[in-house]
Amino acid sequence: MTNYQGKDIVIVGLGLTGLSCVDFFLSRGVTPKVMDTRISPPGIDKLPDSVQCHCGGLEAQWLLDADLIIASPGVAVSTPQLQAAAQAGAEIIGDIELFAREVTVPVVAITGSNGKSTVTSLVGEMGRCAGLRTGVGGNIGLPALELLKDDYELCVLELSSFQLETTFSLKPAAATVLNVTEDHMDRYPQGLEQYRAAKLRVYHDAAVCVYNAEDALTQPGCDCDRAEYVSFGVETGDYWLDTDEQALCFCGEKIINCSEMILHGQHNYCNALAALALADAVNIPREGALKALRTYSGLPHRFQLVHESAGIRWIDDSKATNVGSTEAALNGLQVDGCLHLLLGGDGKSADFSPLLPYLSGEKIRLYCFGRDGEQLAQLRPDVSLLTDTMEQAMRALAPSLAAGDMVLLSPACASLDQFRNFEERGREFARLARELAA
């Protein structure tokens, strides 16, 4: 257990993660200071009176005086005030680094541009189905520090590139980068390679590295020579999808038929393969892993069927906040009638052109909205309708629907230009689906 006594500690960013950091230090007899750029940040009402808090900006002198700064994932380390503090001698880490210094049980660490929430929750379910006390957290569910409060036998963490930037001591029993596609380019001015480098940090000191055999950008670098390597993919890799038999396989042997699983779609079969590889790496009994695959129905807003009537399916994939996630949804998609695809929001400076191969043919219509709607509509102007909002787009498409059609919200963009988060966008899509179908 690391000793933080006598250190001047500043937590940058409140919310659930910031509060978990405050609680962590108070439990060790250290009172930190807190600051947040928001005037009224979430969780401010739960902050103990003993903790000084500065809101509405960064308090530069606090940072310059600090020995240790715990930076929220939402605050870039390149922020000038943090850079100045680092030059003055402050150590800058994140909550995952605090967790890594304390955890004593095996950790599965999962990152990637797309699918990481599904794989994280699925590995967690595999552990629980096998009878292991399994904690799931990080970028999904509980803040990682909350997992230290329970007597878990295994911890499964979803980690974002932002969290990995400030993590140095994590030694995962198994780690994966599921895929790497353009995302958060507004945060990574040097482009895709800078973003990828942040993702690949998850492999540092991992005992087993699980990578995507069909995505060279996920392969570990030369600094992971001591690790064991395991791969997954469609028709290739140690864990692979037999597309003829529609089965998940390992080293030539069938593990489970896809028809036995609730999850469907090629991207979800790849997620299941990655989860199996991670589960095997940390010795989760195969019987428990298979039970989870047969019962796990996925997470909300991840290619979720939210309404079906008159032969028309309405699919909420609001979690598709980047181009790669929308590509995954469209890859191999089977639609009997016409696909009505809703695209739009804040594209975070992404290049939308990789979507073009999936938008060909006569049986597709694009409905583009939000900040980058006009740019998306230019992908196929001949079949695109541009509106201001998602609701306008949905009301416009509804009269043309016929049996066999699919309405798919897979926007390839963040939601923050018009919604509080992707969950709110997904809930609004589901509400409108039920209203318009009726």
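## Selected loop residues

His-184 is partly exposed, its relative accessible area being 23% (buried means under 20% relative accessible area, exposed over 50%, partly exposed in between, with a 1.4 Å probe and protein chains only). The model is a predicted one, in which local features need pLDDT of at least 70, side-chain atom pairs count only at pLDDT 80 or more, and totals for chains, interfaces and linings use all residues. Residues are numbered from 1 along each chain as its sequence is written, and side-chain values use heavy atoms, with hydrogens and water left out.

His-184 sits in the loop between strand 9 (174–177) and helix 7 (192–200); helices (H or I, at least four residues) and strands (E, at least two) are DSSP runs, numbered from the N terminus. Although not a glycine, His-184 has a positive phi of about 55 degrees. Most residues other than glycine have a negative phi. His-301 also has a positive phi, of about 70 degrees, and is not a glycine either. The loop that holds His-301 runs between helix 9 (286–295) and strand 15 (304–309). With 9% relative accessibility, His-301 counts as buried.

His-301 is one of the residues that Ser-318 touches. Ser-318 lies in the loop between strand 16 (312–316) and helix 10 (323–330), and is buried at a relative accessible area of 0%.

Thr-218 and Gly-221 belong to the loop between strand 10 and strand 11. Strand 10 covers 208–212 and strand 11 covers 228–234. Thr-218 is buried, with 0% relative accessibility, whereas Gly-221 is partly exposed at 29%. A polar atom of the Thr-218 side chain lies 2.8 Å from the backbone oxygen of Asp-215. Leaving out residues up to four places away in sequence, Thr-218 touches Val-177, Leu-178, Asn-179, Val-180, Leu-200, Tyr-203, Tyr-211 and Asn-212. The C-alpha atom of Gly-221 is separated by 9.5 Å from that of Ala-197, and the two residues are 24 apart along the chain.

| Residue | Relative accessibility | Class |
|---|---|---|
| Thr-218 | 0% | buried |
| Ser-318 | 0% | buried |
| His-301 | 9% | buried |
| His-184 | 23% | partly exposed |
| Gly-221 | 29% | partly exposed |

## Helix 4

Seven of the eight residues of helix 4 (residues 95–102) are buried, so this helix is largely enclosed by the rest of the structure. The buried residues are Asp-95, Ile-96, Glu-97, Leu-98, Phe-99, Ala-100 and Glu-102.

## The whole chain

The chain has 13 helices and 20 strands. Its radius of gyration is 22 Å, close to the 22 Å given by the globule rule for 438 residues, so the chain is as compact as a globular protein of that length. The radius is taken over C-alpha atoms, and the rule is 2.2 Å times the number of residues to the power 0.38. Along the principal axes, the C-alpha atoms fill a box of roughly 70 × 50 × 40 Å.

Of the 438 residues, 55% are buried. Among contacts between residues at least 6 apart in sequence, 63% join residues at least 24 apart.

Definitions and conventions:
Contact = heavy atoms within 4.5 Å. Polar contact = N/O pair within 3.5 Å; in protein donor to acceptor, adjacent residues only side chain to side chain.
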